Amino acid sequence: MDFGASCRILRCNSDFVAATLNLGSGSGAAGVSGGAAAFSRETVNVGYCSALRTYALCTRRMARACRGDLAYHSAVQGIEDLLIQHRCPRAGPTTQPRPLPQGTLSGDACFYEKGFFTREGRTPEYLHCSVFGDPHIRTFNNDFHTCAVQGSWPLVDNEYLYIQATSSPTRGRTYATVLTKITIIFKNWRQCIDQQLYQAEIDNIPAAFADGSVWSGERQGHHSLQVTTQSPGRHAEIHAAHIGTLLVVRQSGRSLSLSLRSPRSIVGAFSPEQDLQLCVWGCPASQRLTTPQPPPTSSPAPAASAHAHCAALLPAQDVYYQACVFDLIATGDLNASSSAVGALQDAQSMISDMHRVHLLPVAFAHLTHTPPTLLLLGMLGTLISA
């Protein structure tokens with residue numbers, strides 16, 4: 001045993017999160033027979049118990065290094081409670097880690113852009129997604145949705161990357177929601193990186209992964225994965241060289257935002273079971289605010305003032321302008337406008353073709369005779385009446 005090892009309980013935590021992320025995706029679906037549903041629940045519980053036993057084994061290995069660590073003792077007690085709650089046998093199979101491919105990787109294998117250029121003789125095609133504000137989503141396909149979602153939703157779920165966003169109601173306003181937590185898991189990939197977990201919450205955007213490290217996978221003097229910041233606690237950039245991906249997490253006012261640039265081949269590397277990804281397909285149809293309704297009797301912020309404020313901050317009346325006005329009307333907080341400004345800045349830096357940065361709001365295109373104020377207030381009315 002390594003007596004000098006540091007407590008790495010957060011690695012145990014992230015491995016457990018990754019092992020249980022998709023266990024419930026197929027259970028309890030409408031329309032299945034009672035026997036099929038029971039079998040599905042049994043299968044899920046077997047997998048969950050295996051993950052719990054693996055979690056417990058990981059904590060036992062950390063016992064000496066983590067003596068006196070509060071997070072460690074909380075994890076140990078939590079595992080004990082979950083084993084009892086799910087009636088898991090103490091002995092049984094454990095979750096096996098994903099095997100690493102055999103053989104030696106080529107020099108550029110952990111640097112996606114270099115490897116792609118070597119194979120294809122050109123740079124990759126990059127796609128962009130952003131989630132910000134109430135929340136608003138610009139998808140990889142350049143669709144733009146404002147969503148009435150609460151709780152946790154997957155933004156990206158592919159072979160290399162899992163991103164989940166949590167949206168909660170704003171304080172004192174039942175119809176407006178904001179992003180309050182972002183969870184990012186970089187999955188184990190060959191000999192390039194070990195699995196890494198990153199989590200950000202309001203007033204806590206760390207410039208490090210959950211285990212305290214700031215990089216992973218050193219190769220040829222470079223890091224496959226690295227976290228940097230320009231504003232500690234309120235901004236973080238994660239460079240994932242092994243998949244050619246850049247992520248920017250920032251806090252604007254009382255809301256988080258995420259911007260992402262990733263190659264098309266990475267974005268498309270998912271199975272049919274990974275069928276809920278807001279960055280790919282946008283909000284579920286039932287959660288999209290697309291139907292104008294009569295304006296509410298009163299609004300937290302005067303519409304004219306919201307338009308004037310956003311017009312002074314943004315160069316065009318595009319989807320970012322629409323989102324800015326919507327957020328001001330919904331929250332009455334002038335700081336809410338900074339989410340749209342930051343998202344536009346990220347789009348300008350992540351999209352190489354400047355003609356594709358500004359998107360025309362679909363509602364404006366189809367309803368050219370309807371004043372933008374009524375459209376925005378109408379969307380807000382949908383939330384209030386929901």
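Me: Which way do β11 and strand β12 (residues 255–263) run, and how many bridges join them?

Reply: In this predicted model, β11 and β12 run antiparallel, with seven bridges joining them.

Me: What does β11 pair with besides that, and in which sense?

Reply: Strand β10 (residues 235–240) pairs with β11 over six bridges, in the antiparallel sense. Here E237 is the residue opposite V248 of β11. This hairpin has four residues between its strands, and G244 in the turn takes a positive phi of about 60°.

Me: How should I read the side chains along β11: which residues point which way?

Reply: In a regular strand, side chains alternate between the two faces of the sheet. For β11, T245, L247, V249 and Q251 point one way, while L246, V248, R250 and S252 point the other. Both sets are buried. Since eight of the eight residues in β11 (residues 245–252) are buried, the strand is largely enclosed by the rest of the structure.

Me: How many residues are in the largest nonpolar core, and which of them touch the most other members?

Reply: That core has 47 residues, and those touching the most other members are F140, L155, I163, I184, F186, Y198 and I238. Strand β6 (residues 177–186) supplies the largest share of this core, four residues. L155, leaving aside neighbours within four places in sequence, has contacts that include V131, I163, L258, L278 and V280. Another core, of 23 residues, lies apart from that one; L314, L344, I351 and V357 are among its members.

Me: Why does the length of helix α8 agree with its residue count?

Reply: At 1.5 Å a residue, the 13 residues of α8 (residues 319–331) should span 18 Å, and the end C-alpha atoms are 18 Å apart, so the two agree.

Me: Is α8 covered or exposed, and what is found at its ends?

Reply: Helix α8 is mostly covered, with 13 of its 13 residues buried. At its start, a side-chain oxygen of D318 comes to within 3.1 Å of the backbone nitrogen of Y320. Just after the helix, G332 has a positive phi of about 70°.

Me: What are the totals for helices, strands and buried residues in the protein?

Reply: The protein has 11 helices and 12 strands. Of its 386 residues, 46% are buried. Among contacts between residues at least 6 apart in sequence, 60% join residues at least 24 apart.

Key
Residues numbered from 1 in each chain as written. Predicted model: local features only at pLDDT ≥ 70, side-chain atom pairs only at ≥ 80, totals over all residues. Heavy atoms only, no water. Helix = DSSP H or I, 4+ residues; strand = E, 2+ residues; numbered from the N terminus. Buried < 20%, exposed > 50% of the residue type's maximum accessible area, 1.4 Å probe, protein only. Contact = heavy atoms within 4.5 Å. Expected span 1.5 Å × (residues − 1). Polar contact = N/O pair within 3.5 Å; in protein donor to acceptor, adjacent residues only side chain to side chain. Core = buried A, V, L, I, M, F, W, Y, C linked by side-chain atoms within 4.5 Å. Pairing = 2+ DSSP bridges.
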